[in-house]
Amino acid sequence: MTSHINRRVFLGTSALAAIAAGTSLCFPPAALAQEKPKKGGVLVATWGGFEPQAVFVPGGGGSSPLISSTKILEPLLRQDSQAGFLPVLATEVKPSADFKSYDIVLRKGVTWHDGKPFTADDVVFSIEKYWLQTIAKAALKNFSGAEVTEGGVRVSFKEPTPEFFFKSVLATSLVIPKHVYDGSEIVTNPANNAPIGTGPFKFKQWVRGSHIEYAANDKYWDAGKPYLNGLVMRYWRDAASRTAALEADELQLGIFNPIPTPDIDRLSKSGKFVASNDGYLGAAWASTIEFNSRRDIVKDPAVRRALLTAIDRATISDVVYFGRAKPGTSFVSSTNPKFYNPNLPRYEFDAKKAAKMLDDAGYPKKGKSRFKVHLLAAGWFEENGKVGQFVKQNLEDIGVEVTLTVPDRATSLKQIYGDYDYDIALSNYAARVELVPQQTDYLSTSGIVKGAAFRNATGYSNPEVDDIVAKMSVESDEAKRKDLAFKLQEIAARDLPITVLVELIPTTMMSKKVKGVGNRADISADSLSDVWLDV
Amino acid sequence: MKRSIVRRLFQIISLILGVIVMNFTLIQMAPGSLLDIMTSEQQVTDPATLQHLKHLYGLDQPAIVQLLRYTWSVFSFDLGYSYRQNAPVFDIIMAQLPSTLLLMLTSLGVAVTLGMIAGVIASVKVNTAWDVVISLAAVFFFAAPTFWLGIMLIIFFAVHLDWLPVGGMTTIGGKFGPVGQVVDVIRHLILPALSLGLFYAAIYTRVMRASMLEVFSLDFVRTARAKGLSKTRVILAHVFRNALLPVVTLLGLQLGTVLGGSVVIEAVFSWPGIGSLMLDSVMSRNYPVVLGVFVLSAVVVAVANLLVDLAYYRLDPRIRSR
């Protein structure tokens, strides 16, 4: 009897809590629009990972330096949460009729933090000496020149260059000051530890091992912004400490899974905090599964389809990721508003069917097992090892012997992308909306570069795919590009060299008094110029 | 005494050499290299760029040449350059080593003070309620994981009571005078030093108690009592001083372990020490920083042990005459 009452009480309160959590998630953004931003205050922010290697890492360097540098340095455009483009340092980007050149109109009256004016020379320098050398070499392979024009810069290409593609490059590439970097090795320039940019925040101080301090740029081109007086990016290595810091109001904004998942619900229910999944369109994180085409058994697409059918991805999403993930349906994220193909064959979990598929593929059970595979779960995320355990169990249920290894980061990189020493790899990627070149490099023959990470490590090579990728790089008609992307996903879903095992749903956790966060494709790369504190 | 200090210096040099060779070999044996990490993070795929970076990092030379070059540079007081942090290794470590040393010394201070007091009380009041409570507490703090204790202290003192800050070493952007700054650091230091210190205090309590009890049973203590000395004087002047030697030995041995234990505490309290730097550097195979941290820590531990030896001289006249 008592247990019955307890159960009812429990169900009642949790239903109430769920409603409360739901309302706290739904209402504020609508209300936000009417509120007038207040000036002042210092925001303390963090993210779910570690301190960056340097405040700005020219080559990229992962999420942490992306977060720390984009408050200071700015791109020409930025992407909003519907994959549209907003002006930043460029006010307009106009393609020529044949899409072989683009006129970039630059914003006037912008100055660098050291007082020097921002000019077209800085943009040309950034394109030629920085983007083409490091970050966008593959993306701009048809580049033929950048010249200063009246009011801006003209970028020319040897082949037609799709508008969405080029604007995506502009939205993810930072402009660096020519007068600081000219004539030096960009990678080792001391300014990378104390960057000078055009952004809403100026670099103030970096206490290694603790935090980076930013001051508001009072000469920012977007008059009246930033709303904050200052910004502090703090780094905790321990997720539970981040929860404590939020609760003690020593931290107000945490992006990209800052706290342990069970704490997300607990804090949201308290009514003092808001959890949001907005701002990850441009960094759609997924856990991927890759089959090594060089290995005898898993090179057969029929085997791959069978193995994928044997994996219970719904349970993995619920248990390993506490429901903050969902089974993948394509090689492209389902949140991708431009290119996601929803009509692909699904490999729904069905162990019996999977066993039958392996029988049909010519691998019946001999004794207890069919064959043996080496499953490598990349150890850079703790969850990957757990996913590995689930996959191992699932595969063993249909008679596949599995050797699971979970090596650390450096070893995983070397084994998957350097030595190709695995049968099945569980890895991750963060995808942008534009598929060329990051995502297409996982499938194309040109993506096979020994030792280069997060490329085609499976050795999959298909002339049809290469042809589609080549066409996508020069097709200026948006509808036709979409068709090509759909076709690409059909082939990927059929041959399965790599696919998304589960899509992750990253979470931003913030104090209720933090306002103005939103409408960005990638919150990590947002300058936070629109953010304000309601105190 | 001078001779033994000179001998010690030679020992330190050979120790550093050993640290370099051993750790270099271990890092070389681990799969993956700094190049793998850096190029994967920076998404470098161009073979020419890969080769350029390899040359820039000095990874295109045979391991033995890298080792000899590194050893030579250490003994000419240069710990090398870290491409990952884009700064000289010495600067990076010195930005974070002092805060680790502060945390380490404070927690050792807490440990020794608490441990000795508790140990003395337990031994004097042996087999009473005092002894039982102290022994139980010692077992608890020894068994409790330091990170758990840290989180519990944060939740209680920082989140619930709001007495102390949840982490960091200073109040960011806080403007205090010189005295205010010291107070600020102390406020931030209390919880991490306690979490780390209580664990070691447990060990000192046990050792001190056992050592005191042993000395209590010796003849000279009975003589002192027979002379009619007061109880306090017997405990402090005769027993305590003689029971200290094992504690001092332990202190020397533990300087190294505290450095390791601080890694966890630094993570929990976001203390800007070298713990996280060391972890990151091992994970990214950034051997100049790993070796730099080890070399500097070896120096610290060796110097600390030298000081411990000097303390022996003070404490025990028999060692002096040897």
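Helix 4 of chain B and helix 12 of chain B are oblique to each other. Keep in mind that this is a predicted model.

**Exercise 1.** Work out why helix 4 of chain B and helix 12 of chain B count as oblique.

*Solution.* 
- Step 1: Find the two elements, helix 4 at residues 63-75 of chain B and helix 12 at residues 287-315 of chain B.
- Step 2: Take the angle at which they pack, about 45°, with the axes 12 Å apart.
- Step 3: Compare with the cut-offs: angles under 35 degrees are roughly parallel, and 65 to 115 are roughly perpendicular.
- Step 4: The pair is therefore oblique. As for handedness, this crossing is right-handed.

**Exercise 2.** Find which residues of helix 4 of chain B meet helix 12 of chain B, and sort the contact by class.

*Solution.* 
- Step 1: On the side of helix 4 of chain B, look for B:Gln66, B:Tyr70 and B:Val74.
- Step 2: Their partners in helix 12 of chain B are B:Tyr287, B:Pro288, B:Leu291, B:Gly292 and B:Val295.
- Step 3: Sorting this contact gives 6 nonpolar and 2 polar residues, with no charged ones. Remember that Gly counts as polar here.

**Exercise 3.** Describe how helix 5 of chain B packs with helix 8 of chain B.

*Solution.* 
- Step 1: Locate helix 5 at residues 89-124 and helix 8 at residues 178-216, both in chain B.
- Step 2: Their axes are 4 Å apart and the packing angle is about 35°.
- Step 3: The crossing of helix 5 and helix 8 of chain B is right-handed.
- Step 4: By class, the residues in this contact are 26 nonpolar, 7 polar and 1 charged.

**Exercise 4.** Now turn to chain A: how are domain 1 and domain 3 of chain A placed, and how many residues are in contact?

*Solution.* 
- Step 1: The domain assignment puts domain 1 of chain A at 73-190 and domain 3 of chain A at 284-504.
- Step 2: Their centres, taken over C-alpha atoms, are separated by 34 Å.
- Step 3: At the contact, 16 residues of domain 1 of chain A touch 15 residues of domain 3 of chain A.

Notes
Residues numbered from 1 in each chain as written. Chains lettered and ligands numbered in written order. Predicted model: local features only at pLDDT ≥ 70, side-chain atom pairs only at ≥ 80, totals over all residues. Heavy atoms only, no water. Axes fitted to C-alpha atoms, helices over the stretch in contact; angles between N-to-C directions. Parallel < 35°, antiparallel > 145°, perpendicular 65-115°, else oblique. Left-handed = near helix turned anticlockwise from the far one by under 90°. Contact = heavy atoms within 4.5 Å. Domains from an automatic or database assignment.
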